[in-house]
Amino acid sequence: MDLAEAHRQHLIRWFYDCGYGAHRGLAGLYVSDPRFTAAYDEIAPGFSQYVHDAILANADRVQAS
């Protein structure tokens with residue numbers, strides 16, 4: 001989850017304001033868009049699902065507090 005938050009902060013710093021809702025939407029692309037899935041699963045099988053789950057868990061953690 002900490003790496004997911006670091007990823008979100010990276011997006012904010014270098015690309016665009018990325019709230020937790022937007023980050024959740026991006027997480028969906030990792031598992032629904034074959035281009036994202038292929039790129040991440042090339043690193044390690046199942047990595048796209050792992051990143052997806054970490055982003056959602058991070059958003060849940062922050063939004064629950």
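Biologist: In this predicted model, in what order do the elements of the protein chain run from the N terminus on?

Modeller: From the N terminus on, the elements run α-α-α-α, and the secondary structure of the protein chain comes to four helices and zero strands.

Biologist: Why is α3 called roughly perpendicular to α4?

Modeller: The axes of helix α3 (residues 34-43) and helix α4 (residues 47-64) come within 7 Å and cross at roughly 105 degrees. Angles of 65 to 115 degrees count as roughly perpendicular, and therefore α3 is described as roughly perpendicular to α4.

Biologist: Which residues make that contact?

Modeller: On the α3 side they are T37, Y40, D41 and I43, and on the α4 side they are F47, S48 and V51. Sorted by class, the contact of α3 with α4 has four nonpolar, two polar and one charged residues.

Biologist: How do you know which element gives the most to the lining of the largest pocket?

Modeller: The largest pocket holds about 250 Å³ of space, and among its 13 lining residues the closest to its centre are L3, A4, Y50, V51 and A54. The elements that give two or more residues to this lining are α1 (2-14) and α4, and α4 gives the most, with six residues. By class, the lining has 10 nonpolar, one polar and two charged residues.

Technical notes
Residues are numbered from 1 along each chain as its sequence is written. This is a predicted model: local features need pLDDT of at least 70, side-chain atom pairs count only at pLDDT 80 or more; totals for chains, interfaces and linings use all residues. Side-chain values use heavy atoms; hydrogens and water are left out. Axes are lines fitted to C-alpha atoms, for helices over the stretch in contact, and angles run from 0 to 180 degrees between N-to-C directions. Angles under 35 degrees count as roughly parallel, over 145 as roughly antiparallel, 65 to 115 as roughly perpendicular and the rest as oblique. Contact means heavy atoms within 4.5 Å. Ala, Val, Leu, Ile, Met, Phe, Trp, Tyr, Cys and Pro count as nonpolar, Asp, Glu, Lys and Arg as charged, and the others, Gly among them, as polar. On a 1 Å grid over the protein atoms alone, a cavity is a set of points where a 1.4 Å probe fits but cannot get out, and a pocket is an open set with protein on both sides within 12 Å along at least five of seven lines; lining residues have an atom within 4 Å of a point. Grid points are joined across faces, edges and corners, and a volume is the space filled by probe spheres set on the points.
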